[in-house]
Amino acid sequence: MEDSPSFSTKEIYWLASCFWGIITCKLVYDITGFISPFCFKGYGKLSDKEKMEWNNRGFSTFHALIAAWASLYLLLFSNLFNEDSSNDLIVNRSSIISNMVLGFSIGYFLSDLAMVFWHFPALGGLEYVLHHGLSMFSISLSLMSSQGQIYILMVLISESTTPFVNIRWYLDVAGRKSSTIYIYNGIALFFG
């Protein structure tokens, strides 16, 4: 009788965090669509395509904030990558939290990629497919090998610019391209 493959606790955390990322994206998409008419009076005048992209950028912004803050915490404030905290090489270190952050990001990338395919090419063309595919590939390799997470987390810090890109789009769609906040947002995006 052959032994059946079993899942380790680590793999269960990956899957759970990936599913949580997918569920969170759906929830934030729906919540964005629900609260936007109350926060932006022009939301009702948007086309269906613009509303879909508006809501999609809501969960994009949410993921970016979670991923950037969690990465910043893990890299700068936790002891995970502190050179005195372990005898392991820094590139071989991982934790339950870092694995869950990466799993959550895979869930986001899967959700966003599904939206891109479903509404192709309205939410982005082949460059988005390539970006999301490479992101999921590199994160998956890091998760499976428990190596290189320090580098993946450094890259996820760059997600901190995503809210500024999305705000720029929101302001453009809202007809506020000549406003002061649009200019300040552009400056913040540049420095990000």
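Student: What does Asp30 count as, and at what relative accessibility?
Tutor: Asp30 counts as partly exposed, because its relative accessibility is 36%. Buried means under 20% relative accessible area, exposed means over 50%, and partly exposed lies in between (1.4 Å probe, protein chains only).

Student: What kind of model is this, and how is it numbered?
Tutor: It is a predicted model: local features need pLDDT of at least 70, side-chain atom pairs count only at pLDDT 80 or more, and totals for chains, interfaces and linings use all residues. Residues are numbered from 1 along each chain as its sequence is written, and side-chain values use heavy atoms, with hydrogens and water left out.

Student: Back to Asp30. Which residue forms a salt bridge with it?
Tutor: Lys26. The closest N and O atoms are 3.0 Å apart. A salt bridge here is a side-chain nitrogen of Lys or Arg within 4 Å of a carboxyl oxygen of Asp or Glu.

Student: Why can side chains pair up like that?
Tutor: Opposite charges can pair when the charged atoms come close.

Student: Where do Lys26 and Asp30 lie?
Tutor: Both are in helix H1, residues 9–39. They are 4 residues apart, about one turn of the helix. Helices are DSSP runs of H or I with at least four residues, strands are runs of E with at least two, and both are numbered from the N terminus. Lys26 is partly exposed too, because its relative accessibility is 48%.

Student: How many salt bridges does the structure hold?
Tutor: It holds 2. Another pair is Arg57 with Glu53, the closest N and O atoms being 2.9 Å apart. Both of these residues lie in helix H2, again 4 residues apart.

Student: Are Arg57 and Glu53 buried or exposed?
Tutor: Both are buried.

Student: What about Lys49?
Tutor: Lys49 is also in H2, which covers residues 48–77. Lys49 is partly exposed, because its relative accessible area is 48%.

Student: How far is Lys49 from Ala122?
Tutor: In sequence, 73 residues. In space, 7.6 Å from C-alpha to C-alpha.

Student: New topic. How do H3 and H4 cross?
Tutor: Their axes come within 10 Å and cross at roughly 155 degrees. Axes are lines fitted to C-alpha atoms, for helices over the stretch in contact, and angles run from 0 to 180 degrees between N-to-C directions. H3 and H4 are therefore roughly antiparallel. Angles over 145 degrees count that way; under 35 is roughly parallel, 65 to 115 roughly perpendicular and the rest oblique.

Student: Which residues make the contact?
Tutor: Among them are Leu102, Tyr108 and Phe109 of H3, and His131, His132 and Ser142 of H4. Contact means heavy atoms within 4.5 Å.

Student: Is Ser142 buried or exposed?
Tutor: Buried, because its relative accessibility is 3%. Ser142 lies in helix H4, residues 126–145. Leaving aside neighbours within four places in sequence, Ser142 is in contact with Leu102, Gln147, Gly148, Gln149 and Ile152.

Student: And where is Ser85?
Tutor: In the loop between H2 and H3. Ser85 counts as partly exposed, because its relative accessibility is 39%. Leaving aside neighbours within four places in sequence, Ser85 is in contact with Asn79, Leu80 and Arg93.

Student: Which residues does UniProt list for "transmembrane region"?
Tutor: The unreviewed UniProt entry lists residues 12–40, 61–81 and 96–118. UniProt positions follow the numbering used here, feature names are shortened, and annotations may be inferred rather than shown by experiment. In the model, residues 96–118 are 100% helix and 0% strand, with the end C-alpha atoms 33 Å apart.
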